[in-house]
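Subject: Structure for you to look at

Hello,

Here is the structure I said I would pass on. My notes follow it.

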Amino acid sequence: MTASEVARQQDVALIDLVDRLLDSGVVLAGDITLAVADIDLVYVGLRALISSVAAAEREGVALPLR
Amino acid sequence: MSARPDKVLVDPLAAEWPAPRPELGDALSRRINADPEGVEQGLAQLVLTIVELLRQLMERQALHRIEGGTLDEDEIERLGRTFMLLEQRMDELKDEFGLTDRDLNLNLGPLGDLM
Amino acid sequence: MIYLYAITEPLDGAAGVTGLAGARVELLSTGGVSGAYSAHEELELTADPDLLWAHEGVVEALMARATVLPLRFGTTLADVAALRDALDGGRERYGELLQRLRGRVELAVRVVDASSPEPESPGDGSRYLADRLATRREGRLAEEQIHAPLARLAAASESAVAPAAGTLLRGAYLVETGEVDRFARRVRELQSGHPDLQVSCTGPWAPYSFVGNGSA
């Protein structure tokens, strides 16, 4: 393999390594769970919003953007 | 010893390859230096998740309307610029709080992932 | 302080490998799982490729002996007592995950559109949206043509369409250890069948993408 081929393969491996080590894997201490009741409602509300938008998209309804 | 080219099972044909992400330097040290109680970061995570969600929804809507031909050139131009700026700003904010894209995809338990 | 590498099926004795800053990797066993860690007076943690590969090296050495739940890079705890607490607290969940991941490894696939040049600093707004539109379309195509056939070879899989500039598709696949070669052959086949795409496959990795989204 030429030097530049090796370099490219290093890059190819590195980007997948970084994706895994910095973005995935088990996370221990430092997790924040906002478990207050009214925050839970916000989560549920967002989910309902996405579902209704997704449904509207399927129906071909254009939502006002302003 | 760092490089491990032996991890590559299938090598792309291209001579160029997208560079490793710019977060490589910053995001991690920010995360480590974050407030010990994690309260501020938790709130930032919630706020940025909502902002990111809305940004994605709006961008999807805009693309949908472009495909449907219901936006004129001016509107497309204005929207595009706004989304560009929003994306830039989001990257800066994510960096500032040491949050990655995966952090912004909250898991709602039985409802699945937010995005 | 201690630096954490992975949670594994119960392992005895020394880990037989060194980790970050040349520190010896130790194993703490409790309630049906083991935690792999190294002790440090102080540790400078930056996202340096050498450190990342050192972490990965420990994870892979452990993978050769037992099923492994790899930790995200950069996890530290005050001491071994804190690790014991964390392991005891998550015992059930870790046990389930270990069972599900036994004998399996993760393979990563990335599809890049090499033909279109990376957009430089902000062009105009229309160009931005047009690019986004094109990338998403191509990403969805790649999902059908590359991800779907590969997902059929995996016990579990994840995919992301247009996750970042320049990348059309990113996929993670959980495959049996013995199936890695067959999977790689399939990726090569798909690459030959789609000369307009640039496809890479790396691995085997520890199953980082299949341990849930965190939380002990």
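The face of helix α3(C) turned away from its buried side carries E92(C), E96(C) and Q99(C), which are exposed. Please keep in mind that this is a predicted model.

On the buried side, the helix, which covers residues 91-101 of chain C, has Y94(C), L97(C), L98(C) and L101(C). Seen down the axis of α3(C), the buried residues fall within an arc of 100°, so they line one face of the helix. What do the buried residues of α3(C) pack against? Their partners are four strands of chain C: β1 (2-8), β3 (33-39), β4 (68-70) and β6 (104-112). Just after α3(C) comes G103(C), with a positive phi of about 70°.

The other point concerns the domains. Chain C is divided into domain 1, residues 2-101, and domain 2, residues 104-210. Their C-alpha centres lie 30 Å apart. Where the two domains of chain C touch, six residues of domain 1 are in contact with five residues of domain 2.

Which elements supply the domain 1 side of chain C that touches domain 2? Both α1 (49-63) and β4 of chain C supply at least two residues each. α1(C) gives the most to that side, with three residues. By class, the side of domain 1 of chain C that touches domain 2 has five nonpolar residues, one charged residue and no polar ones.

Regards

Terms used. Residues are numbered from 1 along each chain as its sequence is written. Chains are lettered from A and ligands numbered from 1 in the order in which they are written. This is a predicted model: local features need pLDDT of at least 70, side-chain atom pairs count only at pLDDT 80 or more; totals for chains, interfaces and linings use all residues. A residue is buried if 20 or more other C-beta atoms lie within 10 Å of its own, exposed if 12 or fewer, and partly exposed in between; C-beta atoms are placed from the backbone. The arc is that of the directions from the helix axis to the C-beta atoms. Two residues are in contact if their C-beta atoms, placed from the backbone, lie within 7 Å. Domain bounds come from an automatic or database domain assignment. Ala, Val, Leu, Ile, Met, Phe, Trp, Tyr, Cys and Pro count as nonpolar, Asp, Glu, Lys and Arg as charged, and the others, Gly among them, as polar.
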